[in-house]
Amino acid sequence: MKDLLPILCCPRCKDDLLAVPNVLVSRAGLKSGLLACRRCEEIVATVRNFKYDFVHFKDSPLFSQLCLADLEAQQPVVLEGYPVDETISFDDKRLHTSGSWRIWEDNYLMTEGEVGTSVTFRGVFTDVSIRLLNSEWSGCAGLYLDGRLVREVDLYQSGWPIVRWYPVAYDLSPGEHELEVRASGRKNEKSRGQQIFVKEVLITRLSASESCKDGRTEINRVLPVFPSVRDLFANVPQDGLILDCGSGDRILDDPRYVSLDWELCQLPMVHGDVLELPFKSETFDLVFSQALLEHVSNPFVAAEEMCRVTRHGGLIWAGMAFMQPVHAVPSHYFNATAWGIQELFKKMEILQVSWFGELSSTVDWLCRASGVVEKASPEEYQLLMEHIRRMDAHVSYEKLQNIASGVAVLARKP
Ligand SMILES: [Zn+2]
């Protein structure tokens, strides 16, 4: 587990942070606590089960349990061992159900959500969270720990369904605990049902044995890392650092890798804002961002922050939307041309500008986003796309620059 503390700073004034630990693990360092800025005289982040949260912590009901003055007055708890993460999948026999549940599309444990329906996991853990599907058919669920309601979650979401991450408890006393998800019999008034879809339960426990030491597994629930970006990893020294800026729900198996995202998804190591990055200046050998800059309200400030945290001589790779329709509403603000993206990084030495996404894929996306796909018969639409795919061969790379789905820039910090 990488200790990120030495490279973190106050997102606002960029001063060093004061770490006030609540729980330390003998073999892994700071497990939970607060990060405060002396100059700003405020708490700027929480550390929760080794994750740093600079964004959402104040909204969390769990934040109120951690008070700076109390923590400073007391000695941190030191737990022995190595942290081990485990995933209990929706089809794991250790999940006990009551009421009517079934496996849905080989992907979820699902119930229609009658009151009294619940699913329970009992085991030894110190931290527990759950990933649940949000959809147009989803209702509300109560998340209980050891029989006590921790939070109720509204799982309704319009449009495309998405699995979201819900932390339930941190730093429990060692021993056995029970997580229960109960259908609350309520739903968002817009929802078409009150279904609950369970994807997986995530636990952390402490192990005495080093053999259980967390070997980081690569998980990517979003866009793959572009091969051209992966190629850049070869330029980064063994003891260097790589920042995946706006990683989404992704973690890579590389000791140099650090991920940051604004969304409260499970995998990023830091939850932070690209407009005020919580990293010290000149920290990273490579900073990359895929499909991030169209989603920030001020891409110029974002680009400046990415440059600030890059070492002199280090590289930045950024790719963003050009001819893509609106997506990830409402956080889709600015698309860019090949010239626009260079403008963002003009203080850097531009090494390469490129573009990607063929005519047919863009037309396909436009048709889907405008809803015309549903107006045509499947055969009619397939025929249309076949014609356009044939046209792809006639669009040279040079011409593609005018209509590409996305543009990218590779730049070096002088
Ligand atoms: Zn500060």
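**Close-up views of a predicted model**

**View 1. Strands β22 and β23 pair in the parallel sense, with six bridges between them.** The model shown here and in the other views is predicted. F288 has W317 of β23 as its bridge partner. Of the twelve residues of β23, nine are buried, so the strand is largely enclosed by the rest of the structure.

**View 2. Strand β23 also pairs with β25.** β25 covers residues 406–412, and its pairing with β23 is antiparallel over seven bridges. L315 is bridged to R412 in β25.

**View 3. The twelve-stranded sheet is open and mixed in its pairing.** Its strand order is β5-β1-β2-β3-β4-β21-β20-β18-β22-β23-β25-β24. The edges are formed by β5 (77–79) and β24 (349–356), each of which pairs on one side only. Helix α3, residues 299–309, packs on this sheet and touches β18, β22 (284–290) and β23 (310–321). The direction of α3 makes about 150 degrees with that of β23.

**View 4. Strands β18 and β20 run parallel and are joined by four bridges.** β18 spans residues 242–245 and β20 spans residues 257–261. L243 has V258 in β20 as its bridge partner.

**View 5. A five-stranded open sheet has antiparallel pairing.** The strands follow the order β7-β10-β15-β12-β13. β7 (95–98) and β13 (148–154) are the edge strands and have a single partner strand each, so one side of each is left without a neighbour in the sheet. From one strand to the next, the twist averages 20 degrees.

**View 6. Seven bridges connect the antiparallel strands β10 and β15.** β10 consists of residues 118–124, and β15 of residues 176–183. R122 is paired through a bridge with E178 in β15.

**View 7. Helix α7 lies largely in the open, because the number of buried residues among its 15 is zero.** The helix runs over residues 378–392. From its first C-alpha to its last it reaches 21 Å, close to the 21 Å expected at 1.5 Å a residue.

**View 8. The chain is divided into domain 1 (1–80), domain 2 (84–207) and domain 3 (359–394).** The centres of domain 2 and domain 3, taken over C-alpha atoms, are separated by 39 Å.

Key:
Residues numbered from 1 in each chain as written. Predicted model: local features only at pLDDT ≥ 70, side-chain atom pairs only at ≥ 80, totals over all residues. Pairing = 2+ DSSP bridges. Helix = DSSP H or I, 4+ residues; strand = E, 2+ residues; numbered from the N terminus. Contact = placed C-beta atoms within 7 Å. Axes fitted to C-alpha atoms, helices over the stretch in contact; angles between N-to-C directions. Domains from an automatic or database assignment. Buried ≥ 20, exposed ≤ 12 C-beta atoms within 10 Å, placed from the backbone. Expected span 1.5 Å × (residues − 1).
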